[in-house]
Amino acid sequence: MTHVVEAIGLAKYYGAVTALENIDFHIAPGEVVGFAGDNGAGKSTLMRTIAGDVTPSSGELRIGGRMDPAYSPRRAREIGVEMVYQDLALCDNLDIYENIFLGREISRFGLPGLKVLDRPQMLARAEEVLDRLDLHLPSLTEPVSALSGGQRQLVAIARAMASSPKLVIMDEPTAALSVKAGRPLLQLIRRLPQSGASVMLVSHRLSDLMETTDRIYILRRGSIACELKTAETTETEILHAMAGVGEAA
Amino acid sequence: MTDLTQSTQDVRAKDMRRTSLASSRRDLRLVLLLGVTVVVWLAFHFIFTDGFVLTPRNLSTLSVQMTVTAILAMGMTMLLIAREIDLSAGAVMALVMVLVFQFQITLGLSATSTVLLALAAGAVVGLLHGALRVWLLIPSFIITLAGFSWLRGVAYIIPDGQTLAGASDGFYRISNSEVPPIASAALIVLVAVPLVGRAGFRMLSTGEKPTLTRVMEVIQFALLLAFALGAAWAFYNHRGLPYPTLLLGVLAFGLHWLMQNTDFGRHVYAVGGNPEAAKRVGINVRLIVVLLFVFMGILTGFAAVVQASLLDAAPPGIGELLALNAISAAIIGGTNLFGGQGSIPGAVAGALLMASISNGLSLAGVNTFYQMVATGLILLAAVGVDSFTRRHEMRM
């Protein structure tokens, strides 16, 4: 089976600084895979590399089994890699459905370089996406600024899922939410594979990782220290792996 | 999902109220502006002058007087929505006016070629500003502040400080002609019927609506109807629709459509709302910014053609305060100086209110110094009302 994403010996250097080195991992279709590590372990660089935002210095990055020499954020979205940023990257002044289709508006007809918006179609499709994910928002024709933190998170996820992606990268999705508000979000993440998306989940909350993932990669000082099966591990084991406890220095 | 659904429903009522107010506020701003404008007209007509304001002749003059500021305010609004600004608009207009008379007098070009070259000259300046903005990352405030000075200088250097005058008949007719009266009235009715009809339809539609929305719909309908009938009456009874006013109308409709109904328009708002987010979803932010400056340049070219033809002269010192007036009109029209908000109809309404006050004060024989005081106070009042309603809403 072709992996949704596969990294072989991936590395990223900024001058003399090593951000990532010897990164080998894969995510299979339908998997939710967690990435844990201390601050500065390379989680964010790794995520941005997979999202096309950072170009690796060496190594192979295969998306759907294929290397893409001109990999970029735009290209990533085209081939089904979506990222939900920690700050959500929403435009407060635009309506909910406009945010969901931002940069990928549906058009009635196009003039060269210009799309004429099909708002009814965009609204209907936005409703469809939310229904498919079993999400509920008040009227979609409100500006995002009117929403609560949890609701904004849903809009960001709906935007990622609107194009039926193969991989959704999530950066600390529960960081800004209370534990109570985060719970339904975790259930939603667990359900995303049913809609055909694998998930790459980066989180500081180990309980989040334990609850949602199938496997967890531990990052330490820019490299993958180990891989754990969620069903067979504990939070303590993850913590020890992150800190390098019990290994020869 | 039960928790979230529950909490969603909890906030729903409050959100609905806040949102219907938020979207009403955009309309409210426009209705308020037009309402204030009507009050200004009535006051000057009945109290401060002997019925000089609401005459077909004066309304026609007013519609031409507002054109230059309104055209620039539209371009300024688009720039401000995307968090950019152009302080050089007055200097660019003066320069293009000087060039227009070079084309007309020295080169003897036709009116059509002159207009096309004027628009191209504006576009080139816009392209230069946009390029400096996105490639050297200089803030547009600085780039256009520099333009404010050096472009004005060039406008003086080319004619050696002289005011060129005397364009060809063809060029003179551009701003000094009208659509025939009967055709003007027909055109206004044609445009007004769908607009007034839609407002009437919305007003009569049933369904659950807050009282404020209902009241607003009635006022909107009444104002639209009054403006349409008033315009038809005025232009029918005085020569017809002046070409500059027609040009302003066409540009306003086109730009409003562009901003509201195309992906380009949405992306301009997105760039102003959250540039980083816009970049991340694949919007070419730099291209949008360059295009906005080019649009501003072309609009300045239009303004220069209108002004040059009206005056039949090109004083290189013209329009010193024009950029600031355009910014004032945009802000009075609801544009947020920090980006993300604003509208084309708002910009035109802002320019109309400013022109109405100057017009009324002139007719009342009041010193122009007072006009400056009035413009400043209107600007403060507009922003003050905005600030107040926003704070009020947040507390709800």
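Biologist: What makes B:M74, B:M97, B:V100 and B:L292 stand out in the largest nonpolar core?

Modeller: They are the residues with the most contacts inside that core, which has 181 residues; a nonpolar core is a set of buried Ala, Val, Leu, Ile, Met, Phe, Trp, Tyr and Cys residues joined through C-beta atoms within 7 Å. This is a predicted model, in which local features need pLDDT of at least 70 and side-chain atom pairs count only at pLDDT 80 or more, whereas totals for chains, interfaces and linings use all residues. Residues are numbered from 1 along each chain as its sequence is written, while chains are lettered from A and ligands numbered from 1 in the order in which they are written.

Biologist: Which helix gives the largest share of this core?

Modeller: Helix α13 of chain B (residues 285–311) does, with 17 residues; helices (H or I, at least four residues) and strands (E, at least two) are DSSP runs, numbered from the N terminus.

Biologist: Why are α3(B) and α13(B) called roughly antiparallel?

Modeller: Their axes, which are lines fitted to C-alpha atoms over the stretch in contact, come within 9 Å and cross at roughly 180°. Angles run from 0 to 180 degrees between N-to-C directions, and those under 35 degrees count as roughly parallel, over 145 as roughly antiparallel, 65 to 115 as roughly perpendicular and the rest as oblique; the two helices are therefore roughly antiparallel to each other.

Biologist: Which residues of α3(B) and α13(B) make the contact?

Modeller: Among them are B:I71, B:M74 and B:M78 of α3(B), and B:L292, B:F295 and B:L299 of α13(B), two residues being in contact if their C-beta atoms, placed from the backbone, lie within 7 Å. The residues of this contact divide into 13 nonpolar, four polar and no charged, where Ala, Val, Leu, Ile, Met, Phe, Trp, Tyr, Cys and Pro count as nonpolar, Asp, Glu, Lys and Arg as charged, and the others, Gly among them, as polar.

Biologist: Why is A:G9 called exposed?

Modeller: A:G9 has 12 other C-beta atoms within 10 Å, and a residue is buried if 20 or more lie within that distance of its own C-beta atom, exposed if 12 or fewer, and partly exposed in between; A:G9 is therefore exposed. A:G9 is found in strand β1 of chain A (residues 5–14) and, not counting residues up to four places away in sequence, touches A:N22, A:D24, A:G59 and A:E60.

Biologist: Which residues of α2(B) are buried?

Modeller: They are B:N58, B:L59, B:S60, B:L62, B:S63 and B:Q65, and what covers them includes α9, α10 and α15 of chain B.
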